[in-house]
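Good morning, and thank you for making time for this presentation.

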Protein chains: 2
Amino acid sequence: MKIISVLFLLATAVATCHGQDSVENGLEYQILPLRLKSGSGGQHIQGITCSSWRLAVETHNIINWKTVPQECEGYIGNYILGDQYRGDSKAVNREAYFYVRDLNLTKDGKNIWVFDIDETSLSNLPYYAENGFGSTPYNDTAFNEWVNLGMAPVLPETKKLYKKLLSFGIKIVFLTGRPESQRAITTKNLNDAGYYQWEKLILKDKEQYKGKTAVTYKSTERKKLEQQGYRIIGNIGDQWSDILGYSTGDRTFKLPDPLYYIA
Amino acid sequence: MKIISVLFLLATAVATCHGQDSVENGLEYQILPLRLKSGSGGQHIQGITCSSWRLAVETHNIINWKTVPQECEGYIGNYILGDQYRGDSKAVNREAYFYVRDLNLTKDGKNIWVFDIDETSLSNLPYYAENGFGSTPYNDTAFNEWVNLGMAPVLPETKKLYKKLLSFGIKIVFLTGRPESQRAITTKNLNDAGYYQWEKLILKDKEQYKGKTAVTYKSTERKKLEQQGYRIIGNIGDQWSDILGYSTGDRTFKLPDPLYYIA
């Protein structure tokens, strides 16, 4: 199965890409020529580097973009397969841990932390590695086929935070844009990735939120949680739409994601 | 005068730092050994790289920090003196231009754009280059001595945006945390830097906003502008406190600044 070999390749790439050429040695296939471009940011796109494009995306200056610029496919591939993506994820999750560690929480079982799923708790990198690292237009059918395999690997730095939060007695709520029809496979995938315990897993009712943005959907669902008596201590996601709007929580955390944008 | 030689050195450093060693050649003094550390992010600080620290700062994950980590002084110095800082600034200003270019604005003289001053319109880099690139604690006396020289250079990518906005008939409002007592020198410095025209220059009334955050001060002043009938088409600053709160404007833009944090 093709996806399996990609998973293997990804693991190998992540393990070996310290040397810029090593991923090209001894592998039957390669996802991309994983060479770093010269300079600090890879190739230029319309007068800016891919590095500047990525920062502008992460800081919500560039919004509503449809695809990674074609010229940046290689740069984004290198970034996301290499150490830096994991390091950037670690910096965010670690900061969330520092924040929660120093709180003096009421132990009444009402403290929750909201986690997004895709590119927050689980990674769709095997899919994106086969689809131009976000540089090709989103294909709903193909993406859902991938999700329905239930094989998305864990994002390890997020899982560390998840475990810490559980140890502090904070309950976990997963709030995802995935539809209700993917509840069973998502539950299985979360379990396989090492997420065994949660208070709620909220998936999108596609009828109710038809034509609504992710900001509206997620804000509405978070407000419901507050109305049920929960306190949202923290909220983490890879999209700005995970953490903007209302009922955002006492503090929000934005994980890196240069692969796609959801309004 | 010491500050002059620093200005010269900065110009030289910016002009020559493409070759990592060139800044060390032929200069009597050097601000820092401007070598890039190995890897994409410089040295490690508590298990994360300076590159990850910077991204987490720019994305508002790390907040309320007092100084640049000591280990990252060299990394931040390299970043801010090199091409990448200017490129990152360009990406943001360019996006602001794309946004405003495509608007269909009512031509009634009520459209304004809010500009922060320090590290947005003018650069205090000569000061920070002499003060550890943000790695030493903020010194109010020394910083104000620098400001009162009125020698802060322009941030060229911001000035490009400023000019474009004027050409679209949008009025400029400067809104700064600098106190009223610095109005004359700030006006002179803005003029010297090529900013000749504005609707308002709002400086901080230190009595009125004593003990208030920058978010409160700036939100209050922006709300007053709206009450006066202005429409805030855009709002640009280097601090999250420039663009959070209320009356933030139709769209906000966050310029890079890894040197200091203002709540």
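Let me start with a definition: a residue is called buried when its relative accessible area is under 20%, exposed when it is over 50%, and partly exposed in between, with a 1.4 Å probe and protein chains only. The model is a predicted one, in which local features need pLDDT of at least 70 and side-chain atom pairs count only at pLDDT 80 or more, while totals for chains, interfaces and linings use all residues. Residues are numbered from 1 along each chain as its sequence is written, chains are lettered from A and ligands numbered from 1 in the order in which they are written, and side-chain values use heavy atoms, with hydrogens and water left out.

I turn to chain A as a whole. Its secondary structure comes to 9 helices and 7 strands; helices (H or I, at least four residues) and strands (E, at least two) are DSSP runs, numbered from the N terminus. Of the 263 residues in chain A, 55% are buried. Contact means heavy atoms within 4.5 Å. Among the contacts in chain A with a separation of 6 or more, 70% are between residues 24 or more positions apart.

Helix 6 of chain A, residues 140-147, has Phe143(A), Trp146(A) and Val147(A) as buried residues. These residues lie on the same side of helix 6 because they cover an arc of only 100° around the axis, the arc being that of the directions from the helix axis to the C-beta atoms. In general, an α-helix has 3.6 residues a turn, so residues three or four places apart point the same way. Thr141(A) and Glu145(A) are exposed, on the face of helix 6 turned away from its buried side. At the start of helix 6, a side-chain oxygen of Asn139(A) comes to within 3.1 Å of the backbone nitrogen of Thr141(A).

Next, the salt bridges. A salt bridge here is a side-chain nitrogen of Lys or Arg within 4 Å of a carboxyl oxygen of Asp or Glu. Over all chains, the structure holds 24 salt bridges.

One of them joins Arg178(A) and Asp118(A), at 2.7 Å from N to O. This pair links distant parts of the chain, 60 residues apart: Arg178(A) is in strand 4 of chain A, and Asp118(A) is in the loop between strand 3 and helix 5 of chain A.

Another salt bridge, between Asp102(A) and Arg101(A), has its closest N and O atoms 3.2 Å apart. Asp102(A) is exposed at 57%, whereas Arg101(A) is partly exposed at 40%. Chain A also has a network of salt bridges that links Arg86(A), Glu157(A) and Lys160(A).

In chain B, Lys188(B) and Asp192(B) form a salt bridge with closest N and O atoms 2.7 Å apart. They are separated by about one helical turn, because they are 4 residues apart in helix 8 of chain B. Lys188(B) is partly exposed at 44%, and Asp192(B) is exposed at 54%.

Finally, the interface. Here 29 residues of chain B are in contact with 29 residues of chain A. About 2,400 Å² is buried between the two chains, with carbon and sulfur atoms giving 52%; buried area is the accessible area (1.4 Å probe) that two parts lose on being put together, summed over both. In chain B, Leu55(B), Asn61(B) and Arg94(B) lose the most area to chain A, together 24% of what that side buries.

How many salt bridges are counted between chain B and chain A? The count is 0. The rule does find 12 residue pairs in polar contact across this interface, both at pLDDT 80 or more. A polar contact is a pair of N or O atoms within 3.5 Å; within protein, one must be able to donate a hydrogen and the other to accept it, and residues adjacent in sequence count only if both atoms are side-chain atoms. On the side of chain B that touches chain A, helix 4 of chain B gives the largest share, 8 residues.
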